[in-house]
Amino acid sequence: MITLVRRVTAGCALGAALALLAACAPADEPRAPRPAPSASAVSPAAPLSRPPTLAPGPAGQAPVFEHGPRTRDRTVALTFDADMTADQGPRADRGERFDNPGLVAALRELKVPATVFMTGRWAEEYPGQARAIGRDPLFEVANHSYSHYAFTDDCYGLPTIDEERMRADVERAYDVFREVGVRDAMPYFRFPGGCSDRRALKALAAVGVTAVQWDVVSGDAFATDAEAVAQEVLDGVRAGSVVVMHCTLSAAPTTERAVRRIVPELRERGFRFVKVSELIGAAGGRG
């Protein structure tokens, strides 16, 4: 995946979700760039060491991570994209739910560690939830951009951000996380739609993030059959897998029910749930 020009693995369901969630107006002007979070830049209560990241990619590009080691230590990371596009505030004002408190509650009930890839716009809309997720040791918050605009052309109908604004868009999300009280957001980034190319990876190299993709697509986007979503995950998971799901009730209404089926089944098979940071640490510099 590190050398792929563009990620298209997400499939038709994810593509439909992103097209419906996309907005056509340009994103707000980004704030002045700031550095990615590091141990020296956060509060005194922050960890003493920086979270694990991969070595830089080729030709000055940000590194890309798809899955952990395929070892006997049967670990799997459930990841949830908290999507909200920059100009979807009016839809939220009319009652559309871009959050999913029931899903978060289910993960806590089941004691499942997870990584939430959050857009800055989502954190602005739901600051209390963002803060609670970010301060819960069960979870880690990673960056999904501020605007949820695509970093390549022709990405499931998403509006496209200009190359010169890519870095600032990612850094703006980190700014928002700090403002709403998310502690120690991780130096991991997921491209909206999973779409990236060499140009986008090079633009993000200076931010110091590892780009995180996936190897298992849940198909939860706009799905109506929780059992089918669960089976898709159960059929695809291998040791070290990264599963992509969504934390957006209007776009993925069956995710909570699917998780309640997936978790006990995978545990019965001997899998252990971990955050993405543990998989990256176990990879030891390999994508």
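Strands S2 and S8 pair in the parallel sense over 6 bridges, where pairing requires that DSSP finds at least two bridges between two strands. The model is predicted: local features need pLDDT of at least 70, side-chain atom pairs count only at pLDDT 80 or more, and totals for chains, interfaces and linings use all residues. Residues are numbered from 1 along each chain as its sequence is written, and side-chain values use heavy atoms, with hydrogens and water left out. Helices (H or I, at least four residues) and strands (E, at least two) are DSSP runs, numbered from the N terminus.

- Of the 8 residues in S2 (residues 75–82), 8 are buried, buried meaning under 20% relative accessible area with a 1.4 Å probe and protein chains only.
- One side of S2 carries Thr 75, Ala 77, Thr 79 and Asp 81, and the other Val 76, Leu 78, Phe 80 and Ala 82; both faces are covered.

**Helix H8**

- The buried residues of H8 (residues 226–236) include Ala 226, Val 229, Ala 230, Val 233 and Leu 234.
- Seen down the axis of H8, the buried residues fall within an arc of 130°, so they line one face of the helix; the arc is that of the directions from the helix axis to the C-beta atoms.
- Strand S7 (216–217), strand S8 (241–246) and helix H9 (255–268) are among the elements that cover these residues, contact meaning heavy atoms within 4.5 Å.
- At the start of H8, the backbone nitrogen of Glu 227 has a side-chain oxygen of Asp 225 within 3.0 Å.

**Cysteines**

- The model has 1 disulfide, defined as a pair of cysteine sulfur atoms within 2.5 Å.
- Cys 155 and Cys 195 form this disulfide, with an S to S distance of 2.2 Å.
- Cys 155 lies in the loop between strand S4 (139–143) and helix H6 (166–180), and Cys 195 in the loop between strand S5 (188–189) and helix H7 (198–204), so the pair ties together parts that are 40 residues apart in sequence.
- The link of Cys 155 and Cys 195 is right-handed, with 85° about the S-S bond.
- Cys 155 is buried at 1% relative accessibility, and Cys 195 is buried at 0%.
- Cys 247 also counts as buried, at 3% relative accessibility.

Terms used:
Buried means under 20% relative accessible area, exposed over 50%, partly exposed in between (1.4 Å probe, protein chains only). A polar contact is a pair of N or O atoms within 3.5 Å; within protein, one must be able to donate a hydrogen and the other to accept it, and residues adjacent in sequence count only if both atoms are side-chain atoms.
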